[in-house]
Amino acid sequence: MNTMFQFAIANIQEMVLFFDETGRITFANKRACDLLEFDDIVEECTVADIFPAEFPMENGKLSGEYVFGDELHDMNAYRRNRTCFPVVAKILEVPGEEGHYCVMGYDATEQVYLKKRHERAQQEVEDALKVRSEFIANVTHELRTPVNGILGNTKVLVEIEEDREKKKLLSLIERGCADMNSIINNILDFSKLDAGKFTLEIREFNFRELIEYVQSMHKNKIYEKGLDFIVNVSPDIPEILVGDELRIVQILNNLLSNATKFTSVGRIVLEVVRTAQMNGRMELFFMVTDTGIGIDKAGQDKLFKSFSQVDASISRRFGGTGLGLNISKQLVELMGGNIQVESEPGRGSMFSFHIWVDLPGEHAQEMMDSESVSTANFSSFRSEDADRVWMFGTKENEDEIHKKMSKLILSVEMDNWEKAEMFMDTVRKLIESGPEDVRKAGLRLKMAVQKGDYDKTVKAFDTLKELLP
């Protein structure tokens with residue numbers, strides 16, 4: 001066994017050196033001799049000659065302090081010709097042999113080279129990103145200056161020009177400048193997001209005023225196309241919230257602009273509801289629905305990718321950089337949510353997203369106190385059947401949901417949408433304390449029922465039914 005052990009040590013691919021407290025080498029395997037270029041290490045040198053930094057000598061003995069065991073050390077080993085190379089090694093005490101030690105390590109030249117190469121490549125990437133960001137910032141600034149100059153002068157001319165045809169041409173220039181500014185802003189935002197340098201500006205804002213502002217920005221274009229524009233905001237959303245107002249507006253502007261661009265007949269609907277609340281934070285769920293050209297499944301997979309259009313004909317017909325939805329997706333994710341689309345060719349689209357916003361200090365405390373009181377009262381009477389009906393997950397609740405769902409779908413089949421809405425309202429209250437996916441499925445069913453759309457109602461009904469216990 002001893003012979004086999006010695007044979008293994010002598011021929012392994014790691015260098016192995018045994019030495020004593022005086023630094024004298026008592027054994028060196030073949031790999032050590034080859035790497036260090038000594039004919040006989042035992043006769044020709046000490047461990048301090050090979051590792052001078054790690055094993056200094058004083059008064060004929062090793063004087064360093066060592067960490068023994070499995071910890072790896074980065075060391076430099078010196079060859080016979082005094083050139084050196086990096087080694088990764090362990091320093092071990094020999095069991096049962098006081099004052100005797102062992103160094104086991106391997107040549108780390110390639111590892112160190114690859115590490116430095118990786119660091120250099122990483123630095124080059126960072127430098128390239130910095131140069132690109134600076135270039136984009138400078139170019140967008142240089143572009144914005146003349147565009148704003150043209151826009152300002154065009155606005156003055158529009159006000160003083162009386163000729164109808166010239167006024168029309170000037171209006172086209174004005175709109176073109178506005179579109180150009182929008183593209184410039186998108187490129188700048190994309191650059192910041194891509195470089196990870198984008199930050200949200202969190203502050204208090206008036207949510208009702210935000211919605212009114214968005215509505216006023218889009219209603220004229222929508223009405224010009226002969227479309228209906230419906231805006232519904234849940235009354236339980238507080239007036240004052242805390243978040244990045246400008247970025248919420250940016251997301252809504254992008255979705256409403258796309259809806260307007262791709263819809264020729266019908267309507268555009270913006271709806272906002274509160275879907276969850278906890279610890280002074282509130283989840284808002286936004287839906288932008290249109291009756292436009294719609295998108296097939298393959299096109300939906302491309303929608304949120306940068307510089308991507310559904311197909312080339314879309315880009316030629318409607319224009320755009322393909323950045324808007326990608327930027328919106330990243331902004332939504334920065335606000336703790338996600339964005340998705342439901343669409344069918346020729347039957348319109350619904351873009352929906354949820355974000356988290358904060359409640360102002362006093363209002364947040366009031367809401368939390370209100371919820372705790374409500375919970376306390378509920379706990380006091382939870383033994384009563386009436387309360388168990390409203391508590392999601394109980395048998396009473398499940399039975400009541402299935403009863404109301406049966407009556408709901410029956411009303412739909414009988415084309416009695418008014419009754420269907422009544423049962424739908426009850427179903428929503430019954431699932432109010434349920435999981436998020438159940439609440440959102442209920443919301444989609446409610447929307448379909450409100451629109452009187454049979455196919456979407458049946459589809460949403462089946463989806464909710466599958467999620468229920």
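A search of the whole structure, which is a predicted model, finds zero disulfides, a disulfide being defined as a pair of cysteine sulfur atoms within 2.5 Å. Among the cysteines, Cys-84 has a relative accessibility of 39% and counts as partly exposed, whereas Cys-177, at 8%, counts as buried; here buried means under 20% relative accessible area, exposed means over 50%, and partly exposed lies in between, as computed with a 1.4 Å probe on protein chains only. Because the model is predicted, local features are reported where pLDDT is at least 70 and side-chain atom pairs count only at pLDDT 80 or more, while totals for chains, interfaces and linings use all residues. Residues are numbered from 1 along each chain as its sequence is written, and side-chain values use heavy atoms, with hydrogens and water left out.

The confidence of the predictor in each residue is expressed as pLDDT, on a scale from 0 to 100, and the protein chain averages 81, with 84% of the residues scoring at least 70. Over residues 312–321 the pLDDT stays under 50, and the model has 16 contacts beyond four places in sequence for this stretch, a contact meaning heavy atoms within 4.5 Å. Residues 370–385 likewise have a pLDDT below 50, with nine contacts in the model beyond near neighbours in sequence. Where pLDDT is low, the predicted coordinates should not be read in detail.

The protein chain contains 17 helices and 14 strands, these elements being DSSP runs numbered from the N terminus, with helices (H or I) of at least four residues and strands (E) of at least two. Of its 469 residues, 39% count as buried. Of the contacts between residues at least 6 apart in sequence, 61% join residues at least 24 apart. The accessible surface of the protein chain comes to about 27,000 Å², of which 52% belongs to carbon and sulfur atoms; such areas come from the Shrake-Rupley method with a 1.4 Å probe, and for residues only the protein chains shown count as cover.

Helix α16, which covers residues 436–451, has 16 residues and should span 22 Å at 1.5 Å a residue, in agreement with the 23 Å that separates its end C-alpha atoms; the expected span is taken as 1.5 Å times one less than the number of residues. Buried residues of α16 include Val-438, Leu-443, Arg-444, Leu-445, Lys-446 and Met-447. Just after this helix, Gly-452 takes a positive phi of about 70°. Towards the other end of the numbering, Ala-8 is found in helix α1, residues 2–11, and is partly exposed with a relative accessible area of 38%. The C-alpha atom of Ala-8 is separated by 9.6 Å from that of Asn-29, a residue 21 places away along the chain.

A search of the whole structure finds 15 salt bridges, each defined by a side-chain nitrogen of Lys or Arg within 4 Å of a carboxyl oxygen of Asp or Glu. Side chains of opposite charge can pair when their charged atoms come close. In one of these bridges the side chains of Asp-20 and Arg-24 meet at 3.3 Å, N to O; Asp-20 counts as buried at 8% relative accessibility, whereas Arg-24 is partly exposed, with a relative accessible area of 46%. Asp-34 forms a further salt bridge with Lys-30, the closest N and O atoms being 3.0 Å apart. These two residues are four apart in helix α2 (residues 30–36), so they are separated by about one helical turn, and Asp-34 is partly exposed, with a relative accessible area of 43%.

A salt bridge also forms between Arg-79 and Glu-37, whose closest N and O atoms are 4.0 Å apart. This pair links distant parts of the chain, 42 residues apart, with Arg-79 in the loop between β5 (73–78) and β6 (84–93) and Glu-37 in the loop between α2 and α3 (41–44).

Glu-37 counts as partly exposed at 41% relative accessibility, and Arg-82 counts as partly exposed at 44%.
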